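Work through the exercises below with the sequence and the model open. Try each task before reading its solution.

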Amino acid sequence: MTINGTAGHGGSAFSREIKLDPDPASVRKARDFVRTNLCELGFPGSVDNGVLIASELVTNAVREAPDTPCLVAVRVGAGHPVIEVHDCSPEPLEMRAPDVVAERGRGLHIVDALCADWECVRSGGGKAVIVVLPR
């Protein structure tokens, strides 16, 4: 686990990131990281949704790219809190129709319901899921 952070004048360009091992314990570390940094950014009302979103996305990253670390970043974009999860899997995320008997497959529906916007983009040899939370 590695943590990096930067802040511009007065903290206006705040961005922090954490590199997490491909281990199920990293999901808890991601939740703690997002909780702490959303509060530091001044978005305590976004913590519960942000923590759940990070949990879902890091769980996906650990499952889809089990041999490489993932990166979680928290920043502000256009006045909104933003969470990014980068992994080394080139497979894009896609929302599937929910299956009520399946043990998985609902995570992106949760992400979609809790955020203002999200997208999955190529990042290096893998992908990044960028989530914009409501203010």
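## Exercise 1: Helix α3

The buried residues of α3 pack against α2, β5 (117-123) and β6. Buried means under 20% relative accessible area, exposed over 50%, and partly exposed in between, with a 1.4 Å probe and protein chains only. Helices (H or I, at least four residues) and strands (E, at least two) are DSSP runs numbered from the N terminus. The model is predicted: local features need pLDDT of at least 70, side-chain atom pairs count only at pLDDT 80 or more, and totals for chains, interfaces and linings use all residues. Residues are numbered from 1 along each chain as its sequence is written, and side-chain values use heavy atoms, with hydrogens and water left out.

Task: find which residues of α3 are buried, and where they sit around the axis.

Step 1. G107, L108 and V111 are buried in α3.
Step 2. They cover an arc of only 95° around the axis, so they lie on the same side of α3. The arc is that of the directions from the helix axis to the C-beta atoms.

## Exercise 2: Helix α1

Task: check the span of α1 against its 17 residues, then locate its buried residues.

Step 1. At 1.5 Å a residue, the 17 residues of α1 should span 24 Å. The expected span is 1.5 Å times one less than the number of residues.
Step 2. The end C-alpha atoms of α1 are 25 Å apart, which agrees.
Step 3. List the buried residues of α1: S26, V27, A30, F33, V34, N37, L38 and L41.
Step 4. They cover an arc of only 120° around the axis, so they are on the same side of α1.
Step 5. Take S26 from that list. Its relative accessibility is 2%, so S26 counts as buried. Leaving out residues up to four places away in sequence, S26 touches L20, D21 and V58. Contact means heavy atoms within 4.5 Å.
Step 6. Look past the helix. G42 follows α1, and its phi is positive, near 90°.

## Exercise 3: Strand β4

Task: describe how β4 is covered and how β4 pairs with β3 and β6.

Step 1. Eight of the eight residues of β4 are buried.
Step 2. Sort them by direction. H80, V82, E84 and H86 point one way; P81, I83, V85 and D87 point the other way. In a regular strand the side chains alternate between the two faces of the sheet.
Step 3. β3 and β4 run antiparallel, joined by seven bridges. Strands pair if DSSP finds at least two bridges between them. R75 has V82 of β4 as its bridge partner.
Step 4. β4 and β6 also run antiparallel, with six bridges. I83 has V131 of β6 as its bridge partner.
Step 5. Inspect the hairpin of β3 and β4, which has two residues between the strands. A78 lies in that loop. Its phi is near 55°, a positive value in a residue other than glycine. A78 is exposed, with a relative accessible area of 73%.
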